[in-house]
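Me: I am new to this structure and would like to go through it step by step. Could you show it first?

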Amino acid sequence: MELTLWTYEGPPHVGAIRIAASMRDVHLVLHAPQGDTYADLLFTMIERDGKRPPVTYTTFQARDLGASTAEKFLNTLQSAYEHHKPGLILVADSCTAELLQDQPGTLAETAGLPVPVVALEMAAYSRKENWGASETFFHLVRAVLAGQRNSVAQNPVEGSAARRPTVNLLGPSKLGFRCRDDVVEISRLLQSVGIGVNVVAPLDAGIADIMRIPEADANVCLYPEVALETCAWLERNFGQPTIRTVPLGFGATQDFLAELAGVLKIDISADAVADCRLPWYSRSVDSTYLTGKRVFVFGDGTHALTCARVAQQEMGFEVVGLGTYSREMARDVRAAARELGLEALITDDHMVVEEAVSELRPELVLGTQMERHIAKRLGIGCAVISTPAHVQDYPARFSPQMGVEGANVLFDTWVHPLIMGLEEHLLHMFRDDFEFNDHAAPSHLGHGEGTLMEVEDNVIAMPRIRWEDGAEKELKKIPFFVRGKARRNTERYAEERGLTAIDIETLYEAKAHFSR
Amino acid sequence: MTVEVIAASTGTPERFQPLQERGQRAVFCGLTSIIWLHRKIQDAFFLVVGSRTCAHLIQSAAGVMIFAEPRFGTAVLGDRDLAGMADCNDELDRVVAQVLERRPELKSIFLVGSCPSEVIKLDLDNAAGRLSRAYDGQVRFVAYSGSGIETTFTQGEDNCLASLAAGLPVTTATDERLLVVGTIPDIVEDQFRRLFTQLGIGDVDFFPGSQSTDLPAVGANTRLLLAQPFLGETLRALESRGATLISAPFPMGAEGSDGWFRAAADAFGIDSQTQTTALRAPRQRAEAALSKYREELTGKSFTMLPDSQLEIPLARFLSRECGMTPREVGTPFFDARVMAAEVPLLPEGVDWVEGQDLDPALDRVRSVRPDLTVCGLGIANPLEAEGLRTKWSIELLFTPIQGFEQAGDLAELFARPLRREQALKVGSWS
């Protein structure tokens, strides 16, 4: 048993629903008690889907336990088929049904439905949502392509020079982070360098699209959490190479194109990314103030890895913490953290993340909706980079994270919670002005948002150390947006040295000690 | 407790002849009740013994992220627990210790059974007894089931209160005391207290209260007044302790609130003149508030999908006080005794449904096309996308809707989607 107050990922069958809901013509029959139907609202409320996800739940009750739950499953399967007439049916257990061992896969075989039925094993007591999505996508693709495996034996890349090469974009799904917009942006980018998009899956794909997957020259593994296993299988069985660079960030987008050029044996001009504004915005003088801003990065594996690189190399921040809740990608995240001289935080306990953030005191947090709450509580600016996300992170406007426009979006989104350069300067200059005082927030931030609120002293359990009048007055002269940090650092410095009171000397000794 | 149809065995009233439906349900399980129960009972922690699904359900149904460390959590069962490699009782003790280490101020811990814990027959009653002894009365442990195989949504509160009812102190006093049963927001509780005092009923307890240690005594002198309609099991548990029910309509709307207070006052022998004097002003306020909505709502048709058991009193309120026309009203479960005072007030010509079969029910909504459909969060946007206006039913549990002072707010919940349709000029809903 593990005490869980909140969870980054749902159970694996929610991953299965994400795949079914992403696709056309696929229906999931889920052996599950009533209550598990809550999963519908993830799609209809968070992603504002205009239709229910294509799931029929058996909603068995206590009185059905025993022999009749299996019968209930068969009846539900039959009526779901008749009502929805899908081209393919997925069947799975939720956590409770797994204990009943009705084996819906075996039962479904006896139903004699005229469409393919793919049985899923969801391992509810050891796995989680992203694993469930990956497993479902893999089994679905394998089932649809099983008959084709021997017919396409040669490497499709051979001879691609003669015609326009194409790739599949694999992994975008419902309830992923900005998948809809990433697909548009990456398709546009590929188009601009003469590469066609053969199939996008699972998002908006039908069974016929899945059948065309082997026609492409390579598979772009856009979201490894969902698509890596499928890409590896396609590589083994159809000789399709996998493009592994996730094109999130300016540098990664360049690397992505370079990888494509190498694999597809074509030339791709550097002009493809020339329109990206991030490099110039980052080099322009106003951005000087971004230098060395301490940033904490946490999210799913894909976004944590890519965003850490953007933060360090493209924004000029200092990444002071890096972690993920995706255990499947822990190895990669650990390696990336080591390169930054850090130890990765691999956890699905948000309290551990909160502890890390409050200890590190970053100036910006890049995380999930949970880190947004943590950051808000601690008075730190935050931008959301990963699921789980709030309805407001499924914006109406075009807002990709990947490719050229994605890099532009990242620059804007991450700079927003910080104080702008020139404004920071002015705030310092006019800090005693009657309107421009400690309680005035910068013009672009609403009350209570961003980094300006001095953190309440009780947020961290720091034993009170007496501030002498002179030191307290001196502290007031420090710009208010760094005053909280100065106060905490000085107290920490004093505490570590066993001091009971802080005078002006202590204040400046601490400043020297912590200066970087 | 199973979701058997009590109405069938006790005789269904003439006016309420529901279609019994069996099929796919689209309702929350009883664990969802924890969202409002933990706000009400402020010194308690709700520990679900279940799966990752349970944890994900509660955080998703609440529709919010937590702003502070919550007073609910899930002891998530893992492969080791199921394979018998770990002793579930030892594991539970460890998790409970962890909770108490974080929150030493807790006075009660509810051990909440879930679908998986019920299926593996984990005996939480036994565990609650063991833990109560281990913590030597410092922390009280109470077990109940909120599992989806046994409870639908609000029945989680019913099971919680029924478990608590068994442990209420005994009284042999003979002076009659009023016990108001069901979770209501503090502000409504305070309004009710003031009105009971004005009516001359001074001895009133509310159950549950905000402190789990502050428990009302129950005995033959206890008169029960239900503030929520989903409390059949709690009612039976309290009756087995000697308490007696005051049959009343539920305090929704001016008429419902008036009937509710008058039923209590009658039971306590308060004369009709005193009742009228005490209730006149709040009733007038409620009616004045409602009159503002009548023009918007009169003649509008509605369908309610089964959800919380609030459907019957709400359908009565919407038809009698707001002039709306009910088309189909579904309820997950009908308890004839709890609803006895509501049934005579129900409108004629309504298609009543007990139970649920989702796809046919949605097809009926599509063919009837009511002006407003009251339904769960999973269904609302899909119906809106088909050009139908909806009201999320879960808000009826999270918002103060009971009593005279909330009658206008209750009407507003139904009027707002209709007003929004009038206000928006960005393409048509239908």
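**A cysteine in chain B**

Me: Where is B:Cys115 found?
Reply: B:Cys115 is found in helix H6 (residues 115–119) of chain B. Helices (H or I, at least four residues) and strands (E, at least two) are DSSP runs, numbered from the N terminus.

Me: What should I know about the model and its numbering?
Reply: This is a predicted model, in which local features need pLDDT of at least 70, side-chain atom pairs count only at pLDDT 80 or more, and totals for chains, interfaces and linings use all residues. Residues are numbered from 1 along each chain as its sequence is written, while chains are lettered from A and ligands numbered from 1 in the order in which they are written.

Me: Back to B:Cys115: buried or exposed?
Reply: B:Cys115 is buried, because 33 other C-beta atoms lie within 10 Å. A residue is buried if 20 or more other C-beta atoms lie within 10 Å of its own, exposed if 12 or fewer, and partly exposed in between, with C-beta atoms placed from the backbone.

Me: Which residues is B:Cys115 in contact with, leaving aside its neighbours within four places in sequence?
Reply: They are A:Pro33, A:Thr96, B:Ser147, B:Gly148 and B:Ile149. Two residues are in contact if their C-beta atoms, placed from the backbone, lie within 7 Å.

Me: How many residues does the contact take from chain A and from chain B?
Reply: Chain A supplies 47 residues and chain B supplies 53 residues. On the side of chain A that touches chain B, H2(A) gives the most, with five residues. That side divides into 20 nonpolar, 18 polar and nine charged residues. Here Ala, Val, Leu, Ile, Met, Phe, Trp, Tyr, Cys and Pro count as nonpolar, Asp, Glu, Lys and Arg as charged, and the others, Gly among them, as polar.

Me: In which sense do E1(A) and strand E3 of chain B pair?
Reply: E1(A) and strand E3 (residues 72–76) of chain B pair in the antiparallel sense, over three bridges. A:Leu3 has B:Ala75 as its bridge partner in E3(B). Two strands pair if DSSP finds at least two bridges between them.

Me: New topic: what is the strand order of the open sheet in chain A?
Reply: The open sheet of four strands in chain A has the order E3-E2-E4-E5, with parallel pairing. The edge strands are E3 and strand E5 (117–119) of chain A, each pairing on one side only. Strand E2 (residues 26–31) of chain A runs parallel to strand E4 (residues 88–93) of chain A, and six bridges join them. In E4(A), A:Leu90 is the bridge partner of A:Leu28.

Me: And chain B as a whole, what does its secondary structure come to?
Reply: Chain B has 17 helices and 14 strands. Its C-alpha atoms fill a box of roughly 60 × 55 × 45 Å, taken along the principal axes. Buried residues make up 52% of the 430 residues in chain B.

Me: Which domains does the assignment give for chain B?
Reply: The assignment gives domain 1 (6–24 + 285–423), domain 2 (30–151) and domain 3 (177–276). The bounds come from an automatic or database domain assignment. Over C-alpha atoms, the centres of domain 2 of chain B and domain 3 of chain B are separated by 29 Å. Their contact takes ten residues from domain 2 of chain B and six residues from domain 3 of chain B.
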